[in-house]
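Here is a short tour of a protein model for a reader new to it. Keep the sequence and the 3D view at hand while reading.

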Amino acid sequence: MSVPSSARPPVTSHVALSMRDVNVFLPTSTGEIQILRDITFDVGRGSVLALAGESGSGKSTAMLAALRLLPSGARITGEVTANGERIDLLDAAGLRRFRASAARVIFQDPWSSLHPMHSLGDQLIESARSADRGLTKAAARSLAEETLQRVGISDPAARMQSYPHQVSGGQLQRVVIAMALVASPSILVCDEPTTALDVTTQEQILDLLRELKETLGLTILIATHDLDVISGLADDLVIMYGGTVVERGPVHDVLERPTHPYTWALLQSSPDHRPGERLRPIEGRPPALDDLPPGCAFAPRCGSAEEICRTTPARLLQIDRGRATACTRVQAQSGISEVEAAA
Ligand SMILES: Nc1ncnc2c1ncn2[C@@H]1O[C@H](COP(=O)(O)OP(=O)(O)OP(=O)(O)O)[C@@H](O)[C@H]1O
Ligand SMILES: [Mg+2]
């Protein structure tokens with residue numbers, strides 16, 4: 001079978017957020033190291049894209065790169081487009097506007113997003129007014145109360161008076177989501193938003209994100225370690241390994257018919273994915289980003305690796321409609337051998 005092999009479809013108006021060949025380099029005490037390599041994916045407008053991979057695979061860095069929130073001294077190449085605007089080209093004023101209103105981020109730990117000494121109400125009002133300078137304090141207050149109600153906080157007027165330490169972790173994550181929503185963003189970037197919460201609360205927050213996607217048409221980019229958590233929320237899934245994308249496609253296709261041996265390994269190691277099956281940790285360690293092997297970064301841990309995998313750098317190529325894989329063996333079996341066409 002021969003299908004077009006471009007893994008870089010053009011950015012259309014259906015795409016809310018797009019990364020094209022994004023490379024990120026961070027300074028360290030021993031020099032600059034490359035953290036991300038050729039990251040390319042699109043998040044469709046109103047859809048949810050999940051980034052999954054082991055710790056250190058580059059999920060958070062990819063999200064920070066999408067919002068241009070990388071630490072100082074970081075260097076980024078490639079293109080990041082949000083709502084048709086090249087984020088990588090914005091000046092300081094454009095960036096402030098983008099971060100205040102167009103895209104908002106939610107981190108794993110809700111406490112890190114809130115000031116301990118300010119009431120929740122003050123922080124919600126400040127967030128609303130930073131996105132819309134013309135908003136009066138009274139209008140911002142009623143928007144904040146409405147939004148707290150929307151995210152499932154009962155008695156919002158009373159809750160506005162509370163301070164972060166007076167509220168449980170799950171309730172606080174709802175408040176952090178409300179702080180994002182008062183800015184009317186079209187894109188929500190969530191970095192493991194449930195990892196710090198207990199299992200029941202995790203489910204509730206995921207239900208809330210699902211509902212926000214459906215009712216507000218929000219575009220969501222979410223990172224997770226947990227493939228089971230994501231199967232009920234995401235439309236598309238990107239699997240990352242060693243700072244690069246190894247597989248990409250509609251979430252159920254990737255989970256049910258993974259093409260990359262790393263995705264297989266990740267699924268096997270996921271506790272609930274194959275009920276009744278023994279948990280199999282992925283053998284070996286993730287690669288050191290400053291000492292990647294010459295071929296596929298997963299080859300040293302891959303039970304199916306052949307000589308070509310160890311010697312030829314892997315490239316993400318489209319193997320089927322909406323599906324892309326960086327496994328050289330699978331590409332060869334699918335008849336994909338051409339260098340991808342430029343978009
Ligand atoms: N400021 C930094 N300076 C140097 N290296 C960094 C910095 N931030 C991240 N890294 C390195 O970049 C790599 C990717 O880290 P990142 O936090 O993006 O991974 P992750 O997939 O989000 O991991 P986790 O699941 O643990 O959150 C790691 O090897 C990490 O050590
Ligand atoms: Mg992370």
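## Helices α3 and α4

Start with a pair of helices. Helix α3 (residues 120-131) and α4 have axes that come within 9 Å and cross at roughly 110 degrees. The model is predicted. Angles of 65 to 115 degrees count as roughly perpendicular. α3 and α4 are therefore roughly perpendicular to each other. Their crossing is right-handed.

Which residues make this contact? L124, I125, A128 and R129 come from α3, and they meet K137, A140, R141, L143, A144 and L148 of α4. By class, the contact of α3 with α4 holds 7 nonpolar and 3 charged residues, with no polar ones.

## Helices α4 and α6

Helix α4 (residues 137-150) also packs with α6. The axes of α4 and α6 come within 9 Å. They cross at roughly 130 degrees. α4 and α6 are therefore oblique to each other. The crossing of α4 past α6 is right-handed.

On the α4 side, T147, L148 and R150 take part. They meet V175, A178 and L181 in α6. The contact of α4 with α6 divides into 4 nonpolar residues, 1 polar and 1 charged.

## Helices α6 and α7

Next comes the pair formed by helix α6 (residues 169-181) and helix α7 (residues 199-216). Their axes come within 10 Å and cross at roughly 20 degrees. Angles under 35 degrees count as roughly parallel. α6 and α7 are therefore roughly parallel to each other. This crossing, too, is right-handed.

From α6, the contact uses G170, Q173, R174, I177 and L181. From α7, it uses T201, Q204, I205, L208, L209, L212 and L216. The residues of the contact of α6 with α7 divide into 7 nonpolar, 4 polar and 1 charged.

Now turn to the strands. Is strand β3 (residues 48-52) mostly covered or uncovered? β3 is mostly covered, with 5 of its 5 residues buried. V48, A50 and A52 point one way from β3. L49 and L51 point the other way. In a regular strand, side chains alternate between the two faces of the sheet.

β3 pairs with strand β8 (residues 219-224) in the parallel sense, over 5 bridges. V48 has I220 as its bridge partner in β8. β3 also pairs with strand β9 (residues 236-241), again in the parallel sense, over 4 bridges. There, A50 has L237 of β9 as its bridge partner.

## The open antiparallel sheet

Another group of strands forms an open sheet. What is the order of its 4 strands? The order is β2-β1-β4-β5, and the pairing is antiparallel. The edge strands are β2 (31-44) and β5 (85-86), each pairing on one side only.

Strand β4 (residues 75-82) pairs with β5 in the antiparallel sense, over 2 bridges. A82 stands opposite E85 in β5.

Helix α1 (residues 59-66) lies across β1 (15-28), β2 and β4. α1 runs at about 115 degrees to β1.

Note on methods: Residues numbered from 1 in each chain as written. Chains lettered and ligands numbered in written order. Predicted model: local features only at pLDDT ≥ 70, side-chain atom pairs only at ≥ 80, totals over all residues. Heavy atoms only, no water. Pairing = 2+ DSSP bridges. Contact = heavy atoms within 4.5 Å. Axes fitted to C-alpha atoms, helices over the stretch in contact; angles between N-to-C directions. Parallel < 35°, antiparallel > 145°, perpendicular 65-115°, else oblique. Left-handed = near helix turned anticlockwise from the far one by under 90°. Nonpolar A, V, L, I, M, F, W, Y, C, P; charged D, E, K, R; others polar. Buried < 20%, exposed > 50% of the residue type's maximum accessible area, 1.4 Å probe, protein only.
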